[in-house]
Amino acid sequence: MSRSGSLISIHNLSKSYRVGEVTVDALRGVDLEVGASEFLSIVGPSGSGKSTLFHILGGLTPPTRGSVSIDGVNLAEMSDAGRTNMRKTKVGFVFQKYNLLPTLTARDNIAIARHIAGKPLEHDAWFTEVLDLLGISGRLDHKPRAMSGGEQQRVAIARAIVNHPAILLADEPTGNLDTKNSDAVLNVLRGLNERLGQTILMITHNHEAAAYGHRIVNMRDGQIVY
Amino acid sequence: MINKLVLENLKHRPVRTLLSVLAIAIEVTMILTLVGLSRGMLDEAGRRAKGVGADVWIRPPGSSAISFSSAPMSEGLLKYFGEQPHVTVATGTIAQPIGGIDTVTGVDLEKFSRLSGGFRYLAGGPFQAPDDILVDERYAKQNHLEVGSQLKLLNKQWRVCGIFETGKLARLVLPLARLQELTGNTGKLTQIFVKLDDPKLTNEMVRSFKQKLPDYAIYSIEEFTSLFSVNNVPGLKPFIYVVIAISVIVGFLVVFLSMYTAVLERTREIGILKSLGAGPNYILSILLRETFVLAAVGSLLGILFSFGTRWLILEFAGATLTAMITPDWWPTTTIIAVGGAVMGSLYPGWKAIKQDALEALSYE
């Protein structure tokens, strides 16, 4: 935990990048605290900086200024290799487009996350419970092309949490799903949070989806607005 | 787990996998066929030389063991050698190139029979008329010849009077005097064979002949046949190396293109792996293992193909070309194929490692 007792502590976080000859300030001094076992929804229009925040939290890109600590570890001071290592165990990603490996079955898509983290491939009792909660126990030997969007997203969620990450980052997890599947996925996320205490940060455009979280944070022009 | 991913990736793009494997197989087959052909030709020539049954082999001054020289030696030398102690038979032949690497050989059948025990006829028999020709079994098979068939050589029609078992001196045999006359080499010989009453005296007699005829190339049969190696054929070794280099370049380019395409196609997948925490070694390991599988399967297939090319050569060009299977070259060609393939996958691998995870994840 950080000094403030939060699982995630973000202070004065800025991120600038160049598009051609133009410098874009994607984040402008963001401050945010997220507690352990919290389900936080981040809402904002396109270009508000929520995806950039998500990518920094996931260690996919370094911040330009400021500090970001997850579970007491400051990402701003990490090298590329350090952030790569952090992704193995500290964070789990769920993407809008599921991002499953098309050549592997659901079981192997989950197993490869374990393998990359250097952990045994066998499921423990906790994860068997997760699979039941996600309702995909009977679909594990299918490849993504044989699964519905909702099923693929639930496999992606299973893969994201299989290594017991400190935080689960979900980027528009229902963006490609119909209402029924969206509700199923959101219920699964809430179930993971309530029954297993999984900390979740979810980015969404959808206010109904955002309402599944304990708290909603709005972003606009690279800043958090309350 | 990585192996499973590698195999699934290869299965996922079967046409590309098959083409890559085939290209590597052809690379390996090219090398093995060339080496097998070189060795086979030399081995065959050596075996036919041994089949003559001579103890000492004499070639003209300044000649090499492996050449298609005409007839610069005087037939008078036969008398000289015949009078030497321990010499039981001395006979000579004339070899005339007839195009490509084929030659026709003029032989004194009576003396040659005393030297070698004679040809073993599978059909027909010795010369009956001035325009008769003897052919060996392999030449007859390739050219669909039988006793009585007509054969055009040296701008003349010849009648096949006998077909003899392969492995003795030559494939096409004419009467010595007839070939000397036709080629304007009356009284001349290309090579002389000497048989001794005691083969144990061979080295001693060779030394003696060399002292008396220092300009001539004089070999024991063992020494002579040992000269039939790749190292003793001028230009053959560099030629083999050039073909190997070309094969490696072809293999390199094929794997380079294949893996480069694979990396481009799998940009998003590489991004996914990076998002899961896969580092550069993990990504590179996937690509290298994939390359290794392609190269290993390609090498194995190339080795199998080399049996096919050998069969084709023997079946359709057996009289001119002889190919061997060369198992001692299998590890070398496999190393060459794998090495070329790994080199071909290095740049695509580097590109995959350097790919930005965010850009990769947003790749469509």
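Two strands are taken to pair if DSSP finds at least two bridges between them. In this predicted model, strand S7 (residues 167-171) of chain A and strand S8 (residues 199-204) of chain A run parallel and are joined by 5 bridges, and within S8(A) it is A:Ile200 that stands opposite A:Leu168.

Helix H6(A) packs on the sheet, where it touches strand S3 (39-43), S7 and S8 of chain A, and its direction makes about 155 degrees with that of S8(A). The sheet itself is open and mixed in its pairing, with 6 strands of chain A in the order S6-S7-S8-S3-S9-S10. Strand S6 (91-94) and strand S10 (223-225) of chain A are its edge strands, each pairing on one side only, while neighbouring strands are turned against each other by 25 degrees on average, direction ignored.

Helix H6 (residues 179-196) of chain A also packs against helix H5 (residues 149-161) of chain A, at an angle of about 20 degrees and with the axes 9 Å apart; because angles under 35 degrees count as roughly parallel, H5(A) is roughly parallel to H6(A). Their crossing is right-handed, and the contact includes A:Gly149, A:Gly150 and A:Ile157 of H5(A) together with A:Ala184, A:Val188 and A:Leu192 of H6(A). By class, the residues of this contact divide into 6 nonpolar, 4 polar and 1 charged.

Turning to the two chains, their contact takes 21 residues from chain A and 17 residues from chain B. On the side of chain A, helix H2 (80-89) and helix H3 (106-116) are the elements that give two or more residues, and H3(A) supplies the largest share, 6 residues. That side has 11 nonpolar, 7 polar and 3 charged residues.

Technical notes: Residues are numbered from 1 along each chain as its sequence is written. Chains are lettered from A and ligands numbered from 1 in the order in which they are written. This is a predicted model: local features need pLDDT of at least 70, side-chain atom pairs count only at pLDDT 80 or more; totals for chains, interfaces and linings use all residues. Two residues are in contact if their C-beta atoms, placed from the backbone, lie within 7 Å. Helices (H or I, at least four residues) and strands (E, at least two) are DSSP runs, numbered from the N terminus. Ala, Val, Leu, Ile, Met, Phe, Trp, Tyr, Cys and Pro count as nonpolar, Asp, Glu, Lys and Arg as charged, and the others, Gly among them, as polar. Axes are lines fitted to C-alpha atoms, for helices over the stretch in contact, and angles run from 0 to 180 degrees between N-to-C directions. Angles under 35 degrees count as roughly parallel, over 145 as roughly antiparallel, 65 to 115 as roughly perpendicular and the rest as oblique. A crossing is left-handed if the near helix is turned anticlockwise from the far one by less than a right angle, and right-handed if clockwise.
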